[in-house]
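I opened this notebook page to look up how the parts of the model touch one another. The entries follow in the order in which I made them.

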Amino acid sequence: MEDQLREKAKELLEGGEIKVVIGYGWNNRKTRITPVFITKAEDVDKLVFNALCVNNLSIYLTRKYKDIQAMGKPAIVAKGCDIKNIVVCISEGQVERDNVHIIGMTCSGVVYKQELWQGELKDNIMPSKCHNCDVRNPHITDSVIGDPVDFTPPEEPAGMLFDKIREFDSKPASDRWEFWNEHFTRCVKCYACRQVCTLCYCERCITDKNQPQWIETSAHPRGNMAWNLIRAQHLAGRCTQCGECERACPVNIPLNMVNSKLALTVKESFGYRAGYDTEEHPPMIVYKPEDEEDFIR
Amino acid sequence: MPRIGVFVCQCGNNISSTVDTAKVAEEMSKLPGVVLTEDYKFMCSSPGQDMLKETVAKNKLDGIVVAACSPHMHEKTFRKAVEKAGLNPYKCEIANIREQCSWVHHDTTKKIGTAKSIDLTRMVLERLKRNKNLTKISIPVNKRALVIGGGIAGIQAAIDIADGGRDVILVEKEPSIGGNMAKLSETFPTMDCSQCIMTPKMVEAELHDRIQLYTYSEVEKLDGYIGNFSVTIRKKARFVNEDLCTGCGDCWNKCPFKADSEFEHGLTKRKLIYTPFPQSVPNIPVIDKERCPKILKDKCGLCEKVCQPEAIDYTQEDEIVVEEVGAIVVATGYNLMDEARFAPYGYGKLKDVINGLQFERLASSSGPTGGEIQRPSDGKVPESIVFIQCVGSRDESKGVSYCSKICCMYTAKHTMLYKHKVHDGQAYVFYMDIRSGGKRYEEFTRRAIEQEGAMYLRGRVSRVYEKNGKLMVQGADTLSGSQVVIEADMVVLATALVSRQGADSLAQKLGIGYDKHKFYSEYHPKLKPVETITGGIFLAGSCVGPMDIPESVSMGSAAASKVQALFSADMLDREPITSKVREETCNACWDCVTACPYVAISKKEIKNRKGEVIRMVANVNDGLCTGCGTCIAACRSKTIDLAGYTDEQVYAALNAF
């Protein structure tokens with residue numbers, strides 16, 4: 001699979017149209033997988049792909065990385081789940097479909113955190129997105145690397161995260177409030193969640209707006225709550241539950257839980273899932289005269 | 001430091017009975033930036049306005065708050081007043097301490113009302129400090145009008161606008177204009193022949209230099225805004241060349257196939273190439289493409305052979321026309337409720353149970369029987385007819401909650417028409433109440449009952465069934481407290497008037513509101529009865545609700561006068577309360593574009609000096625934007641602001657609480 005990938009990268013770079021291949025590689029000590037940016041055909045051997053490649057590289061396509069954008073047309077090594085983020089970026093005008101070459105990787109799952117790796121990919125070290133993955137054979141690509149994977153996701157979302165959400169939903173509002181209050185109080189406002197998120201591409205984040213300042217910037221419970229809830233709302237109908245925010249959070253706030261709950265709600269209410277259609281915006285943000293809901297007419 | 005004046009209105013005792021206005025003024029005078037306060041009895045009175053003007057000018061105020069009634073009532077008044085005093089009108093803000101305070105609090109110690117008024121006024125004051133001078137948006141007006149619907153209301157509106165010297169496009173869905181009124185026999189309460197008064201109007205519309213008819217056409221799409229609409233009209237294929245056709249009738253005389261006539265409500269047949277009725281305007285037939293064998297399977301073609309001017313064209317296709325207009329009158333009329341809902345009355349199953357419009361056709365001298373009342377099953381002249389009122393109307397469980405308004409009158413008319421044509425016939429009417437409000441209406445129903453011998457029974461009919469070739473009508477007579485069964489030869493149902501089929505989808509295309517019955521909503525039911533919430537679109541006739549002919553005609557004329565007023569100026573002022581994009585922070589995610597219900601936001605290219613596109617940003621069209629604020633809620637980076645209601649202003653108001 002890696003040979004195939006390197007071959008493809010080489011072909012693309014030699015072809016001249018692609019200026020950089022964004023992919024995975026080993027760090028210097030060969031202990032962790034880290035993003036690599038290959039600009040020369042002779043460097044393609046640095047590219048690897050394995051179960052440690054959990055990072056969502058699609059962020060490097062956004063305006064947050066103007067230096068990478070300046071390199072020219074990129075090719076990106078992407079798992080099905082990463083492609084969902086690219087798709088949202090395309091639908092929201094952040095990436096032009098013709099301006100990126102998507103190297104789709106067939107995938108049998110990755111580890112939730114690289115530290116958990118002990119030489120074998122077991123169910124209990126995989127994130128819940130892998131348990132419920134319907135894009136192990138990537139859905140929107142320019143080229144596909146790897147053999148087709150035979151996997152049917154469960155009908156109802158399964159895994160620890162969703163069990164937790166279901167259990168949580170049954171609790172009274174006061175308990176739920178208490179739960180989030182406790183978690184958000186610990187937030188240190190480092191904004192790692194925002195920095196790692198492909199879809200937090202705003203030129204100016206609402207939390208940076210100070211005329212007027214809607215969100216208190218100090219790490220005070222009130223401002224923390226406002227920040228985390230507004231970020232969740234800004235992701236509703238857009239988040240693909242890649243889980244990067246939760247992995248990046250230094251104080252382990254279960255951010256993916258709130259994002260996944262919102263995604264479930266959007267699917268239930270509007271039958272919409274983010275990351276499958278390059279033309280669609282989330283239904284809550286689209287005015288259609290033929291909408292069933294008549295409150296806006 | 002701002003120089004703000006606060007004027008607290010007592011509104012007689014409307015406000016002062018639960019609010020201590022002097023105290024409100026006093027509290028306001030303590031706030032920074034307030035240089036003067038007034039506590040006044042009636043701010044909206046002429047002396048009040050004069051005082052306001054003088055005070056503003058004398059004290060060189062740069063902003064004022066009027067704590068008074070809702071801005072819906074007098075915002076315009078006060079803004080005009082400060083404008084005359086040399087201040088930007090948008091530097092005048094209203095604190096609503098009447099509808100939102102004094103009227104809802106009944107504490108006569110004035111504690112609650114006063115405290116709340118102070119809060120409300122302070123919030124508005126803080127907002128006002130951040131107000132910017134705004135200038136009205138000026139847009140050109142295209143002085144052509146579109147009228148949708150060629151019934152009496154639409155025709156009246158079209159003629160009135162055209163008579164005022166403006167070009168009008170009249171779009172009608174059916175092959176001929178005329179609408180429901182063209183089907184009626186006589187009209188209440190004067191009993192003049194409907195067609196005799198209708199057809200001259202139709203011809204006038206056809207021949208008017210300034211009216212362009214689009215019959216057999218439908219509005220497909222509407223773009224633009226008040227003064228500058230662009231309408232896409234679908235001219236359905238007639239399969240007849242309108243320029244060549246002379247209306248001689250050879251084609252429909254020769255056509256060997258027949259189908260139920262829509263105009264006659266199925267009482268008779270029409271040909272497959274047809275005009276709906278003899279006085280059709282224009283007198284140009286259409287081919288029924290659902291049924292015509294030539295079009296379906298290329299067989300027959302007789303009409304083409306007999307047509308001397310060679311006007312028949314089987315290859316014709318729907319044509320899409322785009323017209324630019326400045327104002328629109330919607331006059332799409334009504335339908336009768338589908339009687340199939342009333343199975344116990346046997347409509348559709350029993351041939352001699354008909355609806356009111358069918359009876360109109362039977363009584364009409366141009367109708368299928370030449371005006372003789374004959375029952376549809378065997379052509380026999382009925383010896384007795386039972387009229388059932390309120391079929392579907394005032395019946396929340398099976399029909400609609402509202403009164404259809406015209407049925408009491410037309411049923412009385414029907415009994416008279418029947419009596420005049422069948423002298424020894426007996427009419428029975430089952431009614432709930434007789435509602436005959438209107439000039440000479442009550443006298444009309446009394447005449448039907450007292451002089452023309454109609455038997456009125458107060459009660460409802462439970463069922464209609466057939467027995468020995470007669471229709472048995474079983475119902476209650478609540479005045480005598482007994483059950484009655486009446487033997488009749490014919491039953492006429494006064495079915496409810498409902499909104500035109502497809503009224504909702506047209507409303508969505510036009511961007512106007514409608515109620516739960518899909519009747520179109522007026523801007524204000526009393527004070528703006530012909531306006532809609534969308535500027536430049538007006539309403540006429542029974543698309544708003546059940547209406548009789550005089551009302552429809554007056555509403556058509558009223559809508560026309562609104563259009564004339566709109567067309568009287570070359571430029572149109574619009575409120576500058578529109579969305580503004582701060583281009584530096586725009587992400588170009590286009591959520592605002594998809595969210596905008598008015599298609600007011602487009603994508604704009606930002607170019608460098610070499611003319612290369614460096615980025616894209618959202619761009620708001622001031623003409624289209626209504627200031628609804630949807631885009632502002634949608635924008636994640638808070639890049640869009642509403643002029644007059646900026647984030648900063650709203651935040652300041654909230655912070656002042």
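I count a salt bridge where a side-chain nitrogen of Lys or Arg lies within 4 Å of a carboxyl oxygen of Asp or Glu. The model is predicted, so I note that local features need pLDDT of at least 70 and side-chain atom pairs count only at pLDDT 80 or more, while totals for chains, interfaces and linings use all residues. Residues are numbered from 1 along each chain as its sequence is written, chains are lettered from A and ligands numbered from 1 in the order in which they are written, and side-chain values use heavy atoms, with hydrogens and water left out.

Entry 1: chain B against chain A.

I looked up the salt bridges and found two between chain B and chain A. Glu92(A) pairs in a salt bridge with Arg636(B), with the closest N and O atoms 3.5 Å apart. I also found 14 residue pairs in polar contact between chain B and chain A, both residues at pLDDT 80 or more; a polar contact is a pair of N or O atoms within 3.5 Å, and within protein one must be able to donate a hydrogen and the other to accept it, residues adjacent in sequence counting only if both atoms are side-chain atoms.

Which elements give two or more residues to the side of chain B that touches chain A? They are helix 16 (591-595) and helix 18 (647-655) of chain B, where helices (H or I, at least four residues) and strands (E, at least two) are DSSP runs numbered from the N terminus. Helix 18 of chain B gives the most, with five residues.

In contact (heavy atoms within 4.5 Å) are 25 residues from chain B and 25 residues from chain A. The buried area between these chains is about 2,300 Å², with 56% given by carbon and sulfur atoms; this is the accessible area (1.4 Å probe) that two parts lose on being put together, summed over both.

Entry 2: domain 2 against domain 3 of chain B.

I took the domain bounds from an automatic or database domain assignment; domain 2 of chain B spans 144-333 + 536-567 and domain 3 spans 335-498. Their C-alpha centres lie 30 Å apart. The contact involves 22 residues from domain 2 of chain B and 28 residues from domain 3 of chain B.

About 2,200 Å² is buried between these two domains, 65% of it on carbon and sulfur atoms. On the domain 2 side, Phe188(B), Leu267(B) and Pro546(B) lose the most area to domain 3 of chain B, together 29% of what that side buries.

I counted two salt bridges between domain 2 and domain 3 of chain B. Arg361(B) and Glu264(B) join their side chains in a salt bridge at 2.8 Å, N to O.
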